[in-house]
Amino acid sequence: MLTQDEKYMKECFKLALKGRGKVAPNPLVGCVVLDKFGKVISKGYHHKYGDNHAERDALLKLKNNEAEGGTLYVNLEPCSHFGKTPPCTDLIIERKLKRVVIGMKDVNPKVDGLTKLKRAGIEVTTGILEKEAEFLNRVFIKNMKDKLPYVVLKTATTIDGKISTSTGDSKWITSEESRKEVYKMRKDFDCIMTSSNTVIADNPKMEHRGKCILDTNSRIPKDAQIFKQGEVYIATKDNTPLKKGKLDIKYVLSELYKKGIYTVFVECGGTLAGAMLRENLIDEVYQFIAPKILNDNKGKSCFDGDSLKKISSAKNLKLYSSKIVGTDILLKYKVL
Ligand code: AOF
Ligand code: ZN
C-alpha cells in the first residue's frame, strides 16, 4: 500500500513525464498542491526548456491565498537560484505553504532549496520514492554530475549473445519489427554513435540529426551514406587524444556534451561496445534477443573483452523493462 505522500509523489512523476523530450538539459519535474484540508487544488509540470518550473506552473494557477497552510509535492528539490526564472522557494514561501514534500535533492550545485524552505519555517519531507525520482531524472543527474551525455548502447543478439557468424554475416539476426523499433528509438537521442568498422562493413544511412563516428585512422570514405544527411562528428587521432593507443572515448563524449549533446545512442560491434563497457561509459543497455542460437564459437560477441576468472568481476545491471517485439524480446537494463 502506498502512503499518502507516495501517492502524490507518483502523481508528480506522471506529470513530470509530460515534459519528456522537451525539457533537456533541464530535469523532468511535476508538482501537486493540496490546500489546508488536504484537497488537490492544482497540478503543474515543467513543460519545456526555459519555461516556468513545475512549482511555479502549479502555484500560478491559484489565487494568492489559496495554497496557504497547504502541502506542495514535487519530485525534485525546489530551486533557490535565479536562473531563467526566479527561485521557486520564494514563491512557495510567499504563498505560505505549510509543508513541502520532495522526491530527491537537486544535484545542481546552485540549488539549496531545502535550507531556504526550512529557514522560512516550512516543514520539509525529503526522499519520498527517492530511487524512483532518481531513475526518472537519470539523464539530468548524469549530465549535471559528470558533464557527459547519458549513453545507451543497443545490441541485437542471438540467445548465445552473438552479433554475427565467424565470417561476419549479421543480416539479419532480429526481426523486421525490431529493426523498426530501433528507428523509433533513435529519435529519443541527440546523437547516434558508431565505429568506422560498422560504417565500412554496412555503409548504413543512419538517418538522424546528429551522428558521431569513431574513426581513429580516418578510414571511412568521403562518399559514405552516413554523410548524406544530419550533422556528423568524426573523432580521429588528429582531433582526439589517444589512451593506450586507442581514441579516448570519454574525451569524445565530453566534446559532444559541450556541443549540447545530452543523450547518445551507441550502435556498434563488440570491440567498441566492450571498450566502452570496460571504461564505464555506458549507462544503459538495450538488448534485442532473437530466438536463434548460433552455436558458433568463433561467432562475434556483443561485448568483446579479456578472459575473466570470477563471476564476481562481472558488470552488474538492473533489468527495468522487458517486452516482446515481433519474434524477439527487448530488454532494457541500467548499468549499476
Ligand atoms: C527545471 N524545471 O521544474 C525545476 C528545475 O535553467 P533554469 O533557470 O530554468 O534552471 C534550471 C535548474 O532549476 C535545473 O538545473 C534544476 O536544478 C532546477 N529545477 N528546473 O527546469 C523545474 N524544478
Ligand atoms: Zn525552480
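Colleague: Before we go on, what should I keep in mind about the model?

Modeller: It is a predicted model, in which local features need pLDDT of at least 70 and side-chain atom pairs count only at pLDDT 80 or more, while totals for chains, interfaces and linings use all residues. Residues are numbered from 1 along each chain as its sequence is written, chains are lettered from A and ligands numbered from 1 in the order in which they are written, and side-chain values use heavy atoms, without hydrogens and water.

Colleague: Which residues are the protein donors of the zinc ion (ligand 2)?

Modeller: Donors are N, O and S atoms within 2.8 Å of the metal (3.2 Å for Na, K and Ca); water is not among the atoms, so sites may look incomplete. Here the protein donors are ND1 of His53 and SG of both Cys79 and Cys88, at 2.0 to 2.2 Å from the zinc ion (ligand 2). Along the chain their spacing reads H-x25-C-x8-C. His53 sits in the loop between strand E2 (40-45) and helix H2 (54-59), and Cys79 in the loop between strand E3 (71-76) and helix H3 (88-94), so this pair ties together parts 26 residues apart in sequence. Helices (H or I, at least four residues) and strands (E, at least two) are DSSP runs, numbered from the N terminus.

Colleague: Zooming out, into which domains is the protein divided?

Modeller: Domain bounds come from an automatic or database domain assignment. That gives domain 1 (4-144) and domain 2 (147-335), with 36 Å between their centres, taken over C-alpha atoms. Eight residues from domain 1 and eleven from domain 2 take part in the contact, where contact means heavy atoms within 4.5 Å.

Colleague: How much area is buried between domain 1 and domain 2?

Modeller: The size of an interface is often given as the accessible area lost when the parts come together. Buried area is what two parts lose in accessible area (1.4 Å probe) on being put together, summed over both. Here it is about 900 Å², and carbon and sulfur atoms give 59% of that. On the domain 1 side, Arg138, Lys142 and Asn143 supply 59% of the area buried against domain 2, more than any other three residues.

Colleague: How many salt bridges are there between domain 1 and domain 2?

Modeller: Side chains of opposite charge can pair when their charged atoms come close. A salt bridge is a side-chain nitrogen of Lys or Arg within 4 Å of a carboxyl oxygen of Asp or Glu. Domain 1 and domain 2 share two salt bridges. Lys142 forms a salt bridge with Asp283, with 3.2 Å between the closest N and O atoms. Helix H6 (residues 138-146) gives five residues, the largest share of the side of domain 1 that touches domain 2. Lys142 counts as buried because its relative accessibility is 10%, and Asp283 is likewise buried, at 11%.

Colleague: And which pair shows a salt bridge at 3.9 Å, N to O?

Modeller: That is Asp51 with Lys48. Both are partly exposed: Asp51 at 28% relative accessibility, Lys48 at 45%. By this rule the count comes to 20 salt bridges, and Asp5, Arg99 and Glu123 are linked in a network of them.

Methods:
Buried < 20%, exposed > 50% of the residue type's maximum accessible area, 1.4 Å probe, protein only.
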